[in-house]
Amino acid sequence: MKHAAILFLLLLALPSAAQRDSLLVMFWNVENFFDWRSGNGPQGWSASRFYRKCNAVAKTVFKVADEFGGMPDAIGFAEVENLHVLRETLFSTNLRKVGYRIVHFESPDHRGIDCALLYRRATLRLLRAQPKHLYDSTGAVIATRDILLAEFEDLRTGDTLALAVNHHPSQIGGKTAGRDAAMGRLGCLLDSLAAAGVSRALAIGDFNQDRWHDGAHGTIRYNGGWEKIDGYFARGFADVRESVFNDASLTVQDKSFGGRKPLRTFSGPRYLGGVSDHLPIVLNVYF
């Protein structure tokens, strides 16, 4: 216990994991992270289970910090219901001691889930942030998650950079129009940033498309096989090195197919006590 307390204090003392010319960025789809008071969560979702998930998310961030040498400068989330979920995750846990601030907007998603961003005010200063709707071929807003776009000044270098947090529509039933609209919208946003002089941009998220699977590392497991639908697109950086944070505390034995799989909070109506069906990704971003 004494050694754990010392490690915790050392992590808090570090301004970030990043050197002067780099950032540490994390993204995690935290799967149906509903406010326990709203009644939108699964049956059996309660205050105690909600706060257990808050603590599990916080503990995972600290494990990332332990492995990568300091706290992430920015953390993107998908599938959070509202600002209360973010505030409780931040302020009811030890994350309150680290100095994160929240960027969040309500989206038109029919399930009521949004993208969000935490950033560390010791290293990043928020310049502006906006939700960016997705539009169908008629120009109507699609009832899905907005792209969260935020621009920052890196307080160590003075550089301006943009972070876009994405959770693109799923391809359930073979539908691709929504996902295509999301990729097109993201491309236009990145082009607009470049035209405005913001040369460094990082898009992180759940893109609901297995674009990056190399046969070994995935972020979600389906019928015994790994898929990597969580990833990033980067412009203007010298290098980006990505890791899937496959910590044992986030997985469970896959009794049907062998190996291990992410441990979910619920499987249908059955409470499992995990965090998500996705594993987080961690990015070392070099200027």
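Me: In which sense do β5 and strand β6 pair, and over how many bridges?
Reply: This is a predicted model. In it, β5 and β6 (residues 147–154) run antiparallel to each other, paired over 8 bridges.

Me: What is the bridge partner of Arg-125 in β6?
Reply: Glu-153 is the β6 residue that bridges to Arg-125.

Me: And what order do the strands of the sheet come in?
Reply: The order is β5-β6-β7-β8-β11, which makes an open sheet of 5 strands with mixed pairing. β5 (124–132) and β11 (230–235) are the edge strands; each has a single partner, so one side of each has no neighbour in the sheet. From one strand to the next, the twist averages 15°.

Me: Which helix packs on the sheet?
Reply: Helix α4, residues 177–195. α4 touches β5, β6, β7 (160–167), β8 (200–206) and β11, and its direction makes about 25° with that of β6.

Me: Is Asn-208 buried or exposed?
Reply: Buried: the cut-off is under 20% relative accessible area, and Asn-208 has 13%.

Me: Where is Asn-223, and what is its phi?
Reply: Asn-223 sits in the loop between β9 and β10 (225–227). Its phi is positive too, about 50°, and it is not a glycine.

Me: Buried or exposed, for Asn-223?
Reply: Exposed, because its relative accessible area is 52% and exposed means over 50%.

Terms used
Residues numbered from 1 in each chain as written. Predicted model: local features only at pLDDT ≥ 70, side-chain atom pairs only at ≥ 80, totals over all residues. Heavy atoms only, no water. Pairing = 2+ DSSP bridges. Helix = DSSP H or I, 4+ residues; strand = E, 2+ residues; numbered from the N terminus. Axes fitted to C-alpha atoms, helices over the stretch in contact; angles between N-to-C directions. Contact = heavy atoms within 4.5 Å. Buried < 20%, exposed > 50% of the residue type's maximum accessible area, 1.4 Å probe, protein only.
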